[in-house]
Structure formats: structure tokens, C-alpha cells
Amino acid sequence: MNHIYAVDSDVQSPPRAITEDAQVDRLCSDRSALLSLRVVMGATAASALGYTPPDGGWGWVVVFGAFISIGFSYAFPKALTIFFKEIRQHFGISYSQIAWVSSIMLAVMYAGGPVSSVLVNRFGSRPVVISGGIMCGVSMVAASFSSTITHLYICVGIVGGLGLSFNLQPSLTIIGKYFQARRPIANGLAMAGSPVFLCTLAPLNQFLFDRYGWRGGFVILGAMLLNCCVAGSLMRPLVIGGASAAKLQANGAVKLNGAPSGNGVEDQASDRTPQCKKSCTNCISCCLNLSLFRHRGFIIYLIGNMLMFFGFFSPMIFLAPYAKYRGVDEYSAASLLSALALVDMIARPGTGLLANTRWVRPRVQYLFSFAITYNGVCHLLCPLVSGYWGLVAYAVCYGLVYGMVCALLFECLMDLVGPRMFSSAVGLVTILECCPVLLGPPIAGNI
């Protein structure tokens with residue numbers, strides 16, 4: 001048998017013979033280590049959740065439903081900007097005043113996070129998403145009869161924003177219940193709904209305005225938003241041993257393989273229930289895990305995101321109006337959002353695949369930091385571009401970095417706090433981020 005000789009670099013000794021059989025065994029052991037990564041992650045999820053996520057099966061149908069819900073939640077407030085110039089002229093208002101429509105909608109979508117978290121913990125994702133779809137559809141039909149800008153603030157901003165909140169948070173939560181090892185890929189595919197819908201809604205809204213006006217367009221968009229009810233119906237609760245995963249997480253009395261399951265840091269759901277009646281603070285603690293504010297990583301994540309969100313959505317909201325201001329025609333201005341969304345569409349699942357590799361998965365926080373830095377540099381260079389093709393180049397770069405940030409935004413949060421506390425973490429993060437989301441676009445409009 002042939003032999004391969006290796007020399008130990010640390011100790012001066014005669015060459016050691018390493019047989020080909022030993023080399024094959026070493027290669028096989030390396031492959032076994034790679035294949036065991038998913039098993040280890042599944043075991044970790046089992047200890048954290050009380051059950052092992054299936055990482056597939058009906059979970060991919062759930063991802064498709066989340067794709068639709070998240071797509072409408074993130075893309076709809078931005079796609080509405082196509083109507084802004086004409087609505088501003090109709091009501092005789094400033095750019096800052098019309099910017100409050102999308103700003104209020106996004107702020108309420110984030111501020112409704114705790115309410116959505118409480119409802120998801122109580123009833124599950126499916127009924128909450130269906131209710132959100134109905135609210136969104138009704139709000140847009142009601143907005144078509146608006147006679148003042150205040151009516152748009154109430155119908156589109158408040159009612160529609162709360163409906164989008166009921167679509168967003170449950171969709172993010174249920175993915176964590178179905179996936180663990182493949183969670184970055186699942187999150188990336190679900191978050192890709194935003195650019196896909198933005199790429200479609202931007203030119204569609206321009207067509208609806210040209211054909212039916214902004215009032216008729218709002219009615220048709222309201223009917224389209226009812227598809228969120230269909231997406232919610234696909235979010236079947238995960239049944240484990242006769243009990244749904246939501247119930248396993250909601251009460252610590254249910255056990256699986258002798259291991260209790262809870263919704264917080266400690267498995268005390270059943271013990272805490274009587275205490276919820278004693279004070280308002282204890283009642284809130286039953287619904288949202290306030291112990292997250294003692295988590296250093298969560299606090300750093302929260303502060304950084306609040307600063308970032310002051311300017312995160314403003315470039316998206318003002319891209320089409322800014323292009324029209326620079327002399328670009330209406331359809332070309334709408335095509336900038338489509339170009340941005342097309343790149344974003346590729347960036348999100350691509351970032352999910354990259355984050356799921358064994359080299360990047362343990363260091364996903366660093367990839368997230370790089371994406372945020374790239375985001376800031378991209379916007380600093382925007383004033384230097386000129387002409388339509390310069391704006392196209394900016395839209396492509398912005399779409400790439402926007403997709404990277406959005407694909408990693410909630411994945412990093414779940415990595416920090418774990419799947420059991422994720423629902424409460426999303427609720428707390430979104431309500432605190434609503435202030436910069438609300439104030440950012442109007443401030444940018446004044447500037």
C-alpha cells in the first residue's frame with residue numbers, strides 16, 4: 001500500500017507514515033462533522049423551544065405566506081409615494097405634510113408590535129394575520145372617500161398601519177417556530193417579498209393612477225390587500241404531540257420528553273398567571289418579556305437600530321418625488337423603485353444563503369454591521385449623482401445594501417435573544433423604533 005509521509009513541525013522526529021486509509025477516515029470524519037451541524041442546531045432548538053423544528057415540510061408553505069404578508073407590510077407604504085405628487089396638488093399641501101401619510105403608517109406598523117405580540121402569544125399567527133388583512137383592505141377603501149389630508153392620516157396611516165403590523169410580526173414569529181438550521185434561508189426568502197412587491201406595486205400604482213385616479217387606485221389596492229387573509233390562512237399552527245407550538249411556548253405546564261417549555265427566560269408562565277392580576281407591571285410582563293432590558297446585546301441592538309431608523313426609510317420614500325423634482329418623467333421615476341426592488345429581490349435571499357454558511361453563521365453580527373456601514377456610505381454619495389442614469393446607479397447600490405440590512409435585521413435579533421423570547425423582543429423593538437420611523441421622513445421632507 002502506498003504511503004504519504006508527513007513531518008511534525010514541532011518535534012524533530014522521523015517521518016510518520018500516514019496511510020491512505022487513515023486519510024480517507026479523516027476526510028470522512030470532516031464530512032460527518034459538517035453534516036452533524038444541522039443535528040446539533042436541531043438539538044439546541046429542542047432544548048430552547050421544547051421541540052425540534054421540522055426545518056421544511058409545511059414550513060415552506062408558511063414561508064410563502066410570510067412572503068406575501070411581509071411583502072405588503074414593507075412595500076406598500078413605499079409604493080404609495082407614487083400618488084404623493086398628485087395628492088399634494090389635490091389638497092394643496094406641502095411635501096412635509098404628505099410625507100406624514102407613509103410616516104404615520106410605518107410608525108403605527110412598528111408601534112403596533114407589542115399589541116401584535118400579545119395577540120400572537122394568545123391566539124397564534126393565523127387569526128392575527130387574517131384580521132390584519134381585513135383592516136388593511138377596509139382602510140384603503142375608506143381612504144378613497146377622503147376629503148382632507150387628516151382623513152388620509154387616520155385611514156391609511158393609523159388603521160392601515162395597524163393592519164400591516166398584524167401582518168408583519170406574526171409572519172416573522174412563525175418562521176422561527178418552523179425553522180432552526182435553515183432559518184437564515186427561510187428569513188431571506190420571506191423578506192424577499194418586500195422587493196418583489198415593491199417592484200410590482202410601483203409601476204402598477206402609476207398605471208392605476210393614470211387609468212382610475214388616486215381614489216380609484218386606492219379602492220383596487222384595498223381589494224389586493226385582502227390577499228393577506230389568504231396568506232394568513234397558510235400559517236398553520238405547528239402541532240407537536242397533540243399541542244400546538246404556540247401553546248407549548250405559552251404555558252410552561254406542557255412538557256415534551258420531560259422538558260418544560262416556556263415563553264420567557266424562565267419557565268414560569270403558569271406560576272405568573274395569578275400574579276398578572278396584582279399589578280399593571282406584572283400584567284405586561286405576562287405578555288412581553290421585560291427581562292430583555294437586562295440583556296446587554298439586546299440593548300446595543302436596540303440603540304443602534306433606533307439611530308439607524310431615523311434615516312432608513314426616508315431615501316425610499318423620497319426617491320420617486322426627488323427624481324420628478326430633478327426633471328425625470330413619472331414612469332422613469334417609478335422605474336427607479338422597480339430597479340431598486342429588483343436588486344433588493346436578489347440581495348435578500350442571497351444574503352440569507354451567505355448567512356447560513358458555516359463560516360458566516362457564527363459571525364452574522366459582523367456581516368450586519370458591514371451592511372449598515374455600507375448603507376450610510378451609499379447615501380452620503382447620493383448628492384454627487386446627476387441625471388437619470390446616475391439615479392439608477394444609486395438605486396442599484398441602495399437596493400443591494402437595503403436587501404442585506406433587511407435580510408439580517410431580525411435574524412440577528414433572533415440570534416441574540418433566542419426563538420423563545422423573539423416574539424416579545426420584536427414587540428419591544430418595534431414600539432421603540434416607531435418614534436424615529438415617524439419623525440424621520442417629515443424631517444427629511446423639510447430639509
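Which residues are linked in a network of salt bridges? They are Arg-183, Glu-411 and Asp-415. A salt bridge here is a side-chain nitrogen of Lys or Arg within 4 Å of a carboxyl oxygen of Asp or Glu. Keep in mind that this is a predicted model, where local features need pLDDT of at least 70 and side-chain atom pairs count only at pLDDT 80 or more, while totals for chains, interfaces and linings use all residues. Residues are numbered from 1 along each chain as its sequence is written, and side-chain values use heavy atoms, with hydrogens and water left out.

**Salt bridges**

- Side chains of opposite charge can pair when their charged atoms come close.
- A search of the whole structure turns up three salt bridges.
- In the one between Glu-411 and Arg-183, the closest N and O atoms are 3.0 Å apart. Glu-411 sits in helix H18 (residues 387-417) and Arg-183 in helix H8, so this pair ties together parts that are 228 residues apart in sequence. (Helices are DSSP runs of H or I with at least four residues, numbered from the N terminus.)
- Arg-183 also forms a salt bridge with Asp-415, with the closest N and O atoms 2.9 Å apart. That pair links distant parts of the chain too, as Arg-183 in helix H8 and Asp-415 in helix H18 are 232 residues apart.
- How covered up are these residues? Glu-411 counts as buried at 1% relative accessibility, Arg-183 is buried with a relative accessible area of 2%, and Asp-415 counts as partly exposed at 34%. (Buried means under 20% relative accessible area, exposed over 50%, and partly exposed in between, using a 1.4 Å probe and protein chains only.)
- Asp-344 and Arg-348 meet in another salt bridge (2.8 Å, N to O). Both lie in helix H16, four residues apart, which is about one turn of the helix.
- Asp-344 counts as buried at 1% relative accessibility, and Arg-348 counts as buried at 0%.

**How helices pack**

- Helix H8 (residues 183-191) and helix H16 (residues 330-355) pack at an angle of about 175°, with their axes 7 Å apart. That makes H8 roughly antiparallel to H16. (Axes are lines fitted to C-alpha atoms, for helices over the stretch in contact, and angles run from 0 to 180 degrees between N-to-C directions; over 145 counts as roughly antiparallel.)
- Among the H8 residues that meet H16 are Pro-184 and Leu-189, and on the H16 side the list includes Arg-348 and Leu-353.
- Helix H3 (residues 84-91) has these buried residues: Phe-84, Glu-86, Ile-87, Arg-88 and Phe-91. They pack against helices H4 (95-111), H7 (149-178), H9 (193-225) and H15 (314-325). (Contact means heavy atoms within 4.5 Å.)
- After H3 comes Gly-92, with a positive phi near 65°.

**Around Met-308**

- You'll find Met-308 in helix H14 (residues 296-308), and it counts as buried at 12% relative accessibility.
- Leaving out residues up to four places away in sequence, Met-308 touches Ile-372, Val-405 and Leu-409.
- The C-alpha atoms of Met-308 and Glu-433 are separated by 9.5 Å, although these residues are 125 residues apart along the chain.

**A patch on the surface**

- Leu-290, Phe-293, Ile-431 and Leu-432 form a nonpolar surface patch, with about 280 Å² of accessible area together. (Patches take residues with over 30% relative accessible area and no salt bridge; nonpolar side chains are joined within 5 Å, like charges within 9 Å. Areas come from the Shrake-Rupley method with a 1.4 Å probe, and for residues only the protein chains shown count as cover.)
- Ile-431 lies in helix H19 (residues 422-446) and counts as partly exposed at 35% relative accessibility.

Key:
Helices (H or I, at least four residues) and strands (E, at least two) are DSSP runs, numbered from the N terminus. Angles under 35 degrees count as roughly parallel, over 145 as roughly antiparallel, 65 to 115 as roughly perpendicular and the rest as oblique.
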